[in-house]
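Here are my notes on this protein chain. Please read them with the structure open beside you.

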Amino acid sequence: MHPLVSAWFSFPTKGTMMLRLYNKFTGLRYFNSSLIPSLSHHCDMENQWKRPKHKYIKVNVKGGLDVSQCLASVSAVIRNEYGRYIDSYKGIIEFTTPIVAELYAILYGMDLSWGVHDRIIIESDSSEAIDLVNGVQGDSAVGYELKIIDMWKAKKEWTVEFTLANKYQNEEARAVTVLALEEASVGVFNTEEPLRNMRKILQDAKME
């Protein structure tokens, strides 16, 4: 098992409360509930997961690459304002660039949270991706992905904000992304239909 994953994903030990990662994950996986709301092994508050604003939920996302195997993965983990786990997703996408993988992770986070709540914070540790989706900078190479994100963000059914985390604050999503790559390397893939909500919205907008 990858060292980044093995630090958090293990079977229960006596005296430790462990939580399943539900049916979103292939196989029997657990993580230590005492590590919520932060899975960071760093003790300073600056490097801990930050709760969202009142009446918001937070979706931590991460795109990852395994260049040696030409694999790319995305992950999204939803928690409420109290740090309680709500839902999660991990999957493999077509091999691409790091920034496109991160933008797709944002799309997967939006797809996962659509209909769950009407106030969403999408958090990534990629400053480039956050700048792009917040309009701080433009990049014609990822124009299509940004167009979808902007269109979806503008839907009246919800309010979506994009914020930047450091890698320690985003450790849970990073670990799940590594887990997806690890499983894909041995032929285990998520069988759920990806981006179901997004596809419907694109069809309605005649963009697909």
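Which pattern does the protein chain follow, read along the sequence? The order is α-β-β-β-β-β-α-β-α-α-β-α-α. The points below take up the parts in turn.

1. **What kind of model this is.** This is a predicted model, where local features need pLDDT of at least 70, side-chain atom pairs count only at pLDDT 80 or more, and totals for chains, interfaces and linings use all residues. Residues are numbered from 1 along each chain as its sequence is written, and side-chain values use heavy atoms, with hydrogens and water left out.

2. **Confidence.** The term pLDDT is the predictor's confidence in each residue, from 0 to 100. The protein chain has a mean pLDDT of 80. In it, 77% of the residues reach 70 or more. Among the elements, helix α1 (residues 3–6) has the lowest mean, 36. Strand β6 (residues 119–124) has the highest, 98. Over residues 1–40 the pLDDT is below 50. Beyond near neighbours in sequence, this stretch still has 85 contacts in the model. A contact means heavy atoms within 4.5 Å.

3. **Overall make-up.** The protein chain holds six helices and seven strands. These are DSSP runs numbered from the N terminus: helices are H or I with at least four residues, strands are E with at least two. Of the 208 residues, 49% count as buried. Buried means under 20% relative accessible area, exposed over 50%, and partly exposed in between (1.4 Å probe, protein chains only). Take the contacts between residues at least 6 apart in sequence: 68% of them join residues at least 24 apart.

4. **The sheet.** In what order do the five strands of the open sheet stand? The order is β5-β4-β3-β6-β7, and the pairing is mixed. Two strands pair if DSSP finds at least two bridges between them. β5 (85–93) and β7 stand at the edges with a single partner strand each, so one side of each has no neighbour in the sheet. Neighbouring strands are turned by 20 degrees against each other on average, direction ignored. Helix α5 (residues 171–185) packs on this sheet. It touches β3 (57–66), β4 (71–79) and β5, and its direction makes about 140 degrees with that of β4. Axes are lines fitted to C-alpha atoms, for helices over the stretch in contact, and angles run from 0 to 180 degrees between N-to-C directions.

5. **Strand β6.** Five of the six residues of β6 are buried, so call this strand mostly covered. β6 runs parallel to β7, with six bridges between them. In that pairing, Ile122 stands opposite Phe162 in β7. Ile121 has Glu161 of β7 as its bridge partner. β6 also runs parallel to β3, joined by four bridges. Ile57 has Ile120 of β6 as its bridge partner.

6. **Strand β3.** β3 is mostly covered too, with nine of its ten residues buried. Nine bridges join β3 to β4, and the two run antiparallel. Lys62 stands opposite Ser75 in β4. The two strands form a hairpin with four residues between them. In the turn, Cys70 has a positive phi of about 55 degrees.

7. **Asp66.** Is Asp66 buried or exposed? Asp66 is buried, with a relative accessible area of 18%. This residue is found in strand β3. Leaving aside neighbours within four places in sequence, Asp66 is in contact with Leu71, Phe95 and Leu181.

8. **Helix α4.** Glu145, Leu146, Ile148, Ile149 and Trp152 are buried in helix α4 (residues 143–153). Seen down the axis, these buried residues fall within an arc of 160 degrees, so they line one face of the helix. The arc is that of the directions from the helix axis to the C-beta atoms. What covers them includes α2 (98–113), α3 (127–133), β7 (159–164) and α6 (196–204).

9. **α4 against α6.** α4 and α6 pack at an angle of about 90 degrees, with their axes 11 Å apart. That makes α4 roughly perpendicular to α6. Angles of 65 to 115 degrees count as roughly perpendicular, under 35 as roughly parallel, over 145 as roughly antiparallel, and the rest as oblique. From α4, the contact is made by Tyr144, Ile148, Met151 and Trp152. From α6, Asn197, Met198, Ile201 and Leu202 take part.
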